[in-house]
Amino acid sequence: MPPIDTLTFDLDDTLWDNHQVMVKTETGHYAWLDEALTAWLSPPSETPRAGFTERFPLESFVARRQQLARAHPLRRGDFTWIRQRALTELLMEYGLGQDDASHWAARAMERFMALRHQVEPYAEVDALLTALAGRYRLASITNGNVDIARLPIAAHFRVSIAAGEMLAPKPDARPFLAALARLGSRPSRALHVGDSWREDVLPAQRLGMQVAWIDIHDKGAARLPPGVHRLRHVSELPALLARLD
Ligand SMILES: [Mg+2]
């Protein structure tokens, strides 16, 4: 087996705990929109109409996104597009004209993105990536809509792939192949690090990459496929790489 000289990393729930970030982002930008719209629509002299989130609670926004993802299968991984389109539709149904609806959907998405980028990589991650970058070619591959260029962690990666926006979300093989091609590497020399069995482990393993499965939820597996290694946390990666050497 050729030595490993390339590492590709999933981001959400691999390098940081994404769950809390998404809860705060989802509720935070929707509440912001509700408040901003109420202020915009209701001069003090007028009787305020039913609030936007009163008419469309968070669940109806979620349902609209799911409906759009089903109706536009090619866009299913482009969460930013789906969110903005869903907001625009709901705002028009709320009574706004097309231009105002687009404007407020865009403002809400700016708020969403500001909150979405308040991620805190695990404490060990910066030193870990600094050390690994001295020895391996590093790429990030995410299905999420985090713009890695907005985070300090971006400096560690030679290549960053936003798979949803290239309309080929993992488990599609294309984002893995794109990352390896841009790094001048190939699957047999590469190890992918990720938490999702379906989106990280299976596609990378099928391509012939080694895989460090970050089993944060401690799901375990009866038998790991060849080339798949189970870790509980990304901080265990250097020990695995030393074993594989
Ligand atoms: Mg993940």
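## Strand S5 and its sheet

Both faces of strand S5 are covered: Gln210, Ala212 and Ile214 on one side and Val211 and Trp213 on the other are all buried. Buried means that 20 or more other C-beta atoms, placed from the backbone, lie within 10 Å of the residue's own. S5 spans residues 210-214, and five of its five residues are buried. Strands here are DSSP runs of E with at least two residues, helices are runs of H or I with at least four, and both are numbered from the N terminus.

This is a predicted model: local features need pLDDT of at least 70, side-chain atom pairs count only at pLDDT 80 or more, and totals for chains, interfaces and linings use all residues. Residues are numbered from 1 along each chain as its sequence is written.

S5 belongs to an open sheet of six strands, ordered S3-S2-S1-S4-S5-S6, with parallel pairing. Two strands pair if DSSP finds at least two bridges between them. The edge strands are S3 (159-162) and S6, and each pairs on one side only. The twist averages 20° from one strand to the next.

| Strand | Residues | Bridges to S5 | Direction |
|---|---|---|---|
| S4 | 190-194 | four | parallel |
| S6 | 228-231 | four | parallel |

Trp213 can be followed across the sheet. In S6, Trp213 has Arg230 as its bridge partner. Val211 is partnered in S6 by Val228.

Now the helices. H1 (residues 18-41) and H5 (residues 98-116) pack at an angle of about 145°, with their axes 9 Å apart. Axes are lines fitted to C-alpha atoms, for helices over the stretch in contact; angles run from 0 to 180 degrees between N-to-C directions. Residues are in contact if their C-beta atoms, placed from the backbone, lie within 7 Å. The H1 side of the contact includes Gly28, Trp32 and Leu33, and the H5 side includes Trp104, Arg107 and Phe112. By class, the contact has nine nonpolar, three polar and four charged residues. Ala, Val, Leu, Ile, Met, Phe, Trp, Tyr, Cys and Pro count as nonpolar, Asp, Glu, Lys and Arg as charged, and the others, Gly among them, as polar.

Methods
A residue is buried if 20 or more other C-beta atoms lie within 10 Å of its own, exposed if 12 or fewer, and partly exposed in between; C-beta atoms are placed from the backbone. Two residues are in contact if their C-beta atoms, placed from the backbone, lie within 7 Å.
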